[in-house]
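Notebook open. I am looking up a few helices, strands and single residues, one entry at a time.

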Amino acid sequence: MNSPSLDQVKAMAKEAWAAGNYVELSRHIEHVGVRVVEAAQVSPGAAVLDVACGAGNAALPAARAGATVTGLDLVPALLDAGRKKAADAGVEITWVEGDAEALPFDDDSFDVVFSTFGHMFAPRHDVVAAEMARVTRPGGLIAICCWTPEGTVGEVFATSGSFLPPPPPFASPPVLWGTRDHVHAMFPGAADVEFAELTATIEWRSPEDFADYFLANFPMMVVAARMLGDRFADLRAAVLDVWRRRNEANDGTLVLPQEYLQSLVRLA
């Protein structure tokens, strides 16, 4: 069977991220957007772009800080959810449908470019990094948060990947973005890079209840369920095994650390 083309991969990604309910799931990592906006010290009037923004986990706190914010995503339904959240919060954000590998903005357009667990899923890392750097002004900041390969989410991705067809040869593993060496390699012209290893902890009634919630809402798992049919039960059991081993609670509840790397890349 031939590997899908780049255009096919992007079309499948657009369809996949519209499956499930990522807006619901992303509520549990909203604090990551707040934290990275604070770390970037966004100032009033700054021109800010949130790449692969979803429903705006970084865009909204940046707007609340007084920045002029644009959120870009491939999936119209996620942008619609972002518009509603911005209206409810009483902030102005420009929402743009677009591809992280072909940003529809002029060179040097933004003071700060964010991405929280978004751009990492673009297949060609060097292309998306070059695009983010291109639209960032000299001396500007690229601030990204990405799951680490050795962390809980990284292990879940590896586990689920063992049940699914291999990615095409031009697509790099998303969790590479969660390593310092890869960030340095993707932004070779950076003046400075500041890293922080952080955790987004999930607390839930039980690992089993969280499995039901996560697998029903995370888009890639919804797509996997359609692909695997009866074999999806095996994937669910394998993911549950990861969470049970990583669980920090011993009373039947779930306290699940999800490790990620925050990278603040200052351009020359």
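Which helices do the buried residues of helix 1 pack against? I find helix 2 (22-26), helix 5 (76-89) and helix 10 (219-228).

Ground rules before I go on. I am reading a predicted model, where local features need pLDDT of at least 70, side-chain atom pairs count only at pLDDT 80 or more, and totals for chains, interfaces and linings use all residues. Residues are numbered from 1 along each chain as its sequence is written, and side-chain values use heavy atoms, with hydrogens and water left out.

**Entry: helix 1**

I take helices (H or I, at least four residues) and strands (E, at least two) as DSSP runs, numbered from the N terminus. Helix 1 covers residues 6-17. I checked its length: at 1.5 Å a residue its twelve residues should span 16 Å, and the end C-alpha atoms are 16 Å apart, which agrees. The expected span is 1.5 Å times one less than the number of residues.

Next I looked at burial. Buried means under 20% relative accessible area, exposed means over 50%, and partly exposed lies in between (1.4 Å probe, protein chains only). Val9, Lys10, Ala16 and Trp17 are the buried residues I noted in helix 1. Seen down the axis, the buried residues fall within an arc of 125°, so they line one face of the helix. That arc is taken over the directions from the helix axis to the C-beta atoms. Asp7 and Glu15 sit on the other side of helix 1 and are exposed.

**Entry: Lys10**

Is Lys10 buried or exposed? Lys10 has a relative accessible area of 18%, so it is buried under the 20% cut-off.

I then listed its partners. The side chain of Lys10 makes a polar contact of 2.6 Å with the side chain of Asp99. Another polar contact, of 2.9 Å, joins Lys10 to the side chain of Glu101. A polar contact is a pair of N or O atoms within 3.5 Å; within protein, one must be able to donate a hydrogen and the other to accept it, and residues adjacent in sequence count only if both atoms are side-chain atoms. Not counting residues up to four places away in sequence, Lys10 touches Leu74, Asp99, Glu101 and Arg124. Contact here means heavy atoms within 4.5 Å.

I traced an open sheet of seven strands in the order 3-2-1-4-5-9-6, with mixed pairing. Its edge strands are strand 3 (93-97) and strand 6 (190-199), and each pairs on one side only. Two strands pair if DSSP finds at least two bridges between them.

Strand 1 (residues 47-51) and strand 2 pair in the parallel sense over five bridges. I noted Thr68 in strand 2 as the bridge partner of Ala47. Strand 2 (residues 68-73) is mostly covered, with five of its six residues buried. Strand 4 (residues 110-116) and strand 5 (residues 136-147) are also parallel, over six bridges. There, Val112 has Leu141 of strand 5 as its bridge partner.

**Entry: Asp50**

Asp50 is in strand 1. Its relative accessible area is 0%, so I log Asp50 as buried. Leaving aside neighbours within four places in sequence, its contacts include Gly56, Asn57, Thr70 and Phe114. Asp50 and Val69 are 19 residues apart in sequence and 7.6 Å apart in space, C-alpha to C-alpha.

**Entry: Asp251**

Where is Asp251 found? I located Asp251 in the loop between helix 11 (232-246) and strand 8 (254-256). Asp251 counts as exposed, at 57% relative accessibility. Its side chain makes a polar contact of 2.6 Å with the side chain of Thr253.
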